[in-house]
Amino acid sequence: MIVAALAAVTVLQAVQAPPTTTLGPKKRVVVSGFDLKIKSMDVDADAPSGATISATLDITDDESFGSGMVDMLNTALVSTKRFVVLERQDLDDVTKEQGVAVSEQTRLDATRLLGAQVLVRGALTEMGLKKRGWGNSGGVIQLGQLRLTATAAIDLKLIDAATGEILDSIRSEGSVLSTFTSATVPKFKIGYEAFEAGSLSKAVRAAIDKGVLQLVSRTERLPWEAKVASVGGSDESPLLYLTFGDDAGVPQDTILEVFRPGAAVIDPDSQIVLGREDDVVLGRCRVRNSTSKLTVAVLIEGEGVRAGDGVRVVRS
């Protein structure tokens, strides 16, 4: 563990607050997990002689790291007011009900069942600490007053839940300067409790905040879509039950285009999803009312709509 009295913390790389206005309907996203890609990190400290003392901290690979960073990412996504963020627990519940080993395909299937449009998966790829102050390198590193710079780097992968296509990959770095009155490293291991309480978590949070700003920009280019969950009503006035609620920001009487999504286009060699074939427009519907999880729309043009078809904002 790392024990320290924190005097001040400064984010070195300023993170602009995400815009608070919503442009169009909110896209539904789910964070499927956050992988820990590193097993250790280097700590560099100044010695009184002017030399540099280096130590390696092993990182305990437990679930707390992943779940803690998922929470950070969810919080950052919600704060943008651009997304409806589905709970990771809902994704876990669906995969458990399917009763199969959790794979990338299983996560995609579960994401579709939840009505999400985008699956986000993160990875922590770098962490580091650099100390400026005095210290010694006996059996235990002991540091007096110091300035500690924590750095972190993350990768975010955006995946189209409908096709499995990787929409984008984002790399983001965060750096935090902390002023400590004292610090002790009694053993070369760091667990999540020490991570959460220290400047490392602040560096990761800074990287996540910057990454989410990029994510907002990238997903603005992705047209908003939702699914038809079921079709009811009468032949004279068919009703479409849609997979989004009032939190999506789609007002009553909004006109939506109804379409049948094209099949995924897959590279025959790499098996990577390249996109999808042209959609088939089926008609239009008008939003009648919404609840917390469901929207009901009246089909005003077209026929033959079935569960699994899509809806989107009418293109101008």
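Here's a quick tour of the cores, the aromatic contacts and the confidence of this structure. Keep in mind that the model is predicted. Its mean pLDDT is 76, with 67% of the residues at 70 or more. The largest nonpolar core has 39 residues, and a search of the whole structure turns up one aromatic pair.

**The cores**
- In the largest core, the residues with the most contacts inside it are Phe34, Leu73, Leu77, Leu124, Met127 and Ile208.
- Several elements each give two or more residues to this core, including strand 2 (27-36), helix 1 (63-79), strand 6 (118-137) and helix 5 (199-220).
- Helix 5 hands over the largest share, eight residues.
- Take Ile208: leaving out residues up to four places away in sequence, Ile208 touches Phe34, Met69, Met72, Leu73, Ala76 and Ile154.
- Another core, of 17 residues, lies apart from this one, and Leu242, Val250, Leu282 and Val311 are among its members.

**Rings and a charge**
- Trp224 and Phe244 make an edge-to-face pair, with 5.1 Å from centre to centre and 80 degrees between the planes.
- Trp224 sits in the loop between helix 5 and strand 10 (225-233), while Phe244 is in the loop between strand 11 (238-242) and strand 12 (255-260), 20 residues apart.
- Trp224 counts as buried because its relative accessibility is 7%, and Phe244 counts as buried at 0%.
- Elsewhere, Arg312 lies over the face of Phe259, at 3.9 Å from the ring centre.

**Where to be careful**
- Residues 1-22 stay under 50 in pLDDT, and the model gives them 62 contacts beyond four places in sequence.
- Residues 93-103 are also below 50, with 14 contacts in the model beyond near neighbours in sequence.

Conventions
Residues numbered from 1 in each chain as written. Predicted model: local features only at pLDDT ≥ 70, side-chain atom pairs only at ≥ 80, totals over all residues. Heavy atoms only, no water. Core = buried A, V, L, I, M, F, W, Y, C linked by side-chain atoms within 4.5 Å. Buried < 20%, exposed > 50% of the residue type's maximum accessible area, 1.4 Å probe, protein only. Helix = DSSP H or I, 4+ residues; strand = E, 2+ residues; numbered from the N terminus. Contact = heavy atoms within 4.5 Å. pLDDT = per-residue confidence, 0-100. Phe/Tyr/Trp six-rings, centres within 6.5 Å; stacked < 30°, edge-to-face > 60°. Lys NZ or Arg CZ within 6 Å of the ring centre and 35° of its normal.
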